[in-house]
Amino acid sequence: MTMEFLGEFLKVTVLAGLALAGILVILIWKKGLATRVTYLRFLVQVVAMVAVFYMFTYPIWQLVLMIVILVLPLFLGRVFCGWICPFALYMDAITLIRKAAKVRYRLLPDKLNKSLHNLRYVLLLVFLLLPFVLVLLDPPGSLDLATLLALRLGGPFEPWRVVVGPIIPLVVPWVGPLAIGEIYFSYPYVQEVILYSQVVFNELAVNIIAVVFVALTFVGSFFVRRVWCRFCPTGSSIAVVNRFKGFKWAPLLHLDKDEEKCTKCGICKRVCPVQVTEVYEQKGGKINTSMCMLCTRCVEMCPYEDCLKVKFGGKTVFKSRNWLEPSTIE
Amino acid sequence: MKSQSEEKKYMPELPEKEVEELRKNITATSQRVVAENIEKMKKTDPHRPEGMKYFDEIANFSMREKEIREAKQKGKKVIGYTCLFAPIELILAADAIPVRVNSGWYDASKLGDRIVPVEVCPVVRSTIGAKMIALSPYLELSDALISVLTCDGMTKLGEILSDYKPVWAMSIPRVKDSAQSTRLWIEEIKAVKGQIEALTGNKIKSKQLKSAIERTQKATKAFRRLQELRKGPPVIMGRDAMLVNQTYMWDDIDRWTEKTEALCDELEKRASKKDWACPPDTPRVLVTGTPMIWPDNWKVPTLVEEANPQGVLVADELCSGERLLYDPVGVDEWSMSDMLNAIAERYLMASTCPCFTSKDGNEDRINWLLNKIKEWNIQGVIYYVVRGCMLYAMEYTRVKKVLDRMSIPVYYLDTEYTREDVGQMKTRVEAFLEMLSARIDI
């Protein structure tokens, strides 16, 4: 009974949320704020989170989502990270709290930022290899290797989940790590953290680790904008492909800079939530860094007409303009 | 016996009578020159935009001088600056009046010769001369000066002027794009903020600073609108637009924005009626180099636009011109520290002053010129340098190389703060414009 009621309640909430988002779109459009990318991005993120919540109610959608995450970036770059990822929405929400509290964000040193960028491959490898390592550590016993491997991959350890990790919404439609009443709460990667630490630690320690993880990411993203995006393993697929010369054609969606229109005022560097310096430093042309999440904050803020552009397959989708309309910038 | 602190380090003690006489003479000349220049501008474009009336009025120093005097009596402070790197937003946020105090009087530069050698840039010499005889109302009225140590002349100018009033020197890093430069410059901005607060007695809070930034952004917006209008066939003469731009250096910023927007409205109407200020096939000229300052140093634009064949200035790269306003302060978060960072970066990194170098050696200036040439459809460039302006003179070779590659004719015009070479310059400018119009015909 309660479950059913809760399900209905959730559905109504979600529908109401979508309706609200629709109204917001119309309002933004009417106010002429449609060009304000930051508003639009928040909206897309909220709608995407609701959609992801529904997707997670059916296992098959998880698979679709995973394929989307793995294949789409080849052509669209990391637009997923910038515009859809729910974890990014949490971090942006925390940023809003920080702004309200009038606390200054901290910058990571450029060198550290670049090495964090490489850390994502290490994380990805660790997550993918861990089940196999566990197989080796845990002697097969009576079961043969193939069966055990199948158990490991399908069982509690689902290495592919590392890719879906950040997409897990706060409220989950399955039995999550934390329950208040009948509603289960989760947090990106927290299930993985619990699962993997269970191998070594007892239950109390596991809980402490989970709480510490949540607290760390919260504090981290409070002081550093989009801290997780800097080394998130999910963002690696496009990055891996971009490293090879033969795949430079692959990203259909990319940033383009007109060097002659640039005055090197440094705004693009300062407003970037993940401190990408390439947009500022590169001398025009296609910006190829895989650190960029295509959140287009720089394009929004660049005050020089046509200097920065978002191009989709050679066509300009969005470009920088003379944005000087005071008071509505934020 | 004068005490050590009262003794002037540079300035000579001139007899009262001589000062009075010089001031009378030069002020009279100045009044005449202002009237003459405006008259000439009216003659060049017989149906000048109505909106220019206001700028003609404010171009005459006495009107704004009176206003500032009244504001001062009410307790407002006036802060002068010599280079455009002084953070105007901070001055506005502290409820003070910013004025640029560089002098454009030819006659005053001869007085400056008594203190510094003739080899020194005439802008500096003229400012010194103006101070000697209390010629510039803005320099006289300012309670303190922000002296940004850009070129050698400006560095010592601040020192010389400190004989009269408090001068806050801001040392600007010469490398534009390194992290340590930005750090130093932000510290300088913070220091000057403290000094402004101490002088005015108003603490600069983030609310005031935000509104000050928004005010300058509005001004930039109005100015950019005017620039956009100049992209097409000439809807306004270059001198008129330059005067609009110059008056920003001393006018009340909100009123200036309002009047410029009004002017743009009028020009837009004219453009839709295809009512041009001069024939659309007039050679389009860009002028770059040493600042040209109202009222006296108006000879180059006058020559270009009164020459036969006529030319029209559609863009410039002067720190007394477009560079004053072209770059906005782009704030990411409206917190105090981010606003200060944004202000610091706008003044340091976006500037194309040749006093800088960077990893690619002030390539920003080249890019600026290339962009202007393409977007504003420039047919010829006048590279204007006054004697003694080393930095602009030295960058000429590089600029010429780039422009040659694009086959844009560039003409190096070196001159002085003097009226004597106008006749000779006229011949040279006319020859250049003739060549340009011949190229257009082909």
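The model is predicted. In chain A, strand β4 pairs with strand β6 over five bridges and is joined to strand β5 by three bridges. Chain B contains cis peptide bonds at B:Pro295 and B:Pro309, and positive phi values occur at A:Thr296 and B:Ala134.

**Strand pairing in chain A**

- Strand β4 of chain A spans residues 253-257, and its partner β6 of chain A spans residues 308-312; the two pair in the antiparallel sense.
- Within this pairing, A:His254 is the residue opposite A:Lys311 of β6(A).
- Strand β5 of chain A, residues 285-287, also runs antiparallel to β4(A).
- On that side, A:Lys257 faces A:Gly285, a residue of β5(A).

**Cis peptide bonds in chain B**

- Most peptide bonds are trans.
- The bond from B:Trp294 to B:Pro295 is cis, and its omega is near 5°.
- B:Pro295 belongs to the loop that connects β5 (284-289) with α13 (299-306) in chain B.
- A cis bond also links B:Asn308 to B:Pro309, where omega is about 0°.
- B:Pro309 is placed in the loop between α13 and β6 (312-317) of chain B.

- Most residues other than glycine have a negative phi.
- A:Thr296, which is not a glycine, has a positive phi of about 60°.
- This threonine, A:Thr296, sits in the loop between β5 and α14 (297-301) of chain A.
- A:Thr296 is classed as buried because 25 other C-beta atoms lie within 10 Å, where 20 or more are required.
- In B:Ala134, likewise a residue other than glycine, phi is positive and near 55°.
- B:Ala134 occupies the loop between α6 (122-132) and α7 (137-141) of chain B.
- B:Ala134 has 15 C-beta neighbours inside 10 Å and therefore counts as partly exposed, a class that lies between the limits of 12 or fewer for exposed and 20 or more for buried.

**Contact between chains A and B**

- Chain A contributes 22 residues to the contact, and chain B contributes 27 residues.
- Helix α12 of chain A, residues 267-271, supplies three residues, the largest share of the side of chain A that touches chain B.
- That side of chain A is made up of nine nonpolar, nine charged and four polar residues.

Technical notes:
Residues numbered from 1 in each chain as written. Chains lettered and ligands numbered in written order. Predicted model: local features only at pLDDT ≥ 70, side-chain atom pairs only at ≥ 80, totals over all residues. Pairing = 2+ DSSP bridges. Helix = DSSP H or I, 4+ residues; strand = E, 2+ residues; numbered from the N terminus. Contact = placed C-beta atoms within 7 Å. Nonpolar A, V, L, I, M, F, W, Y, C, P; charged D, E, K, R; others polar.
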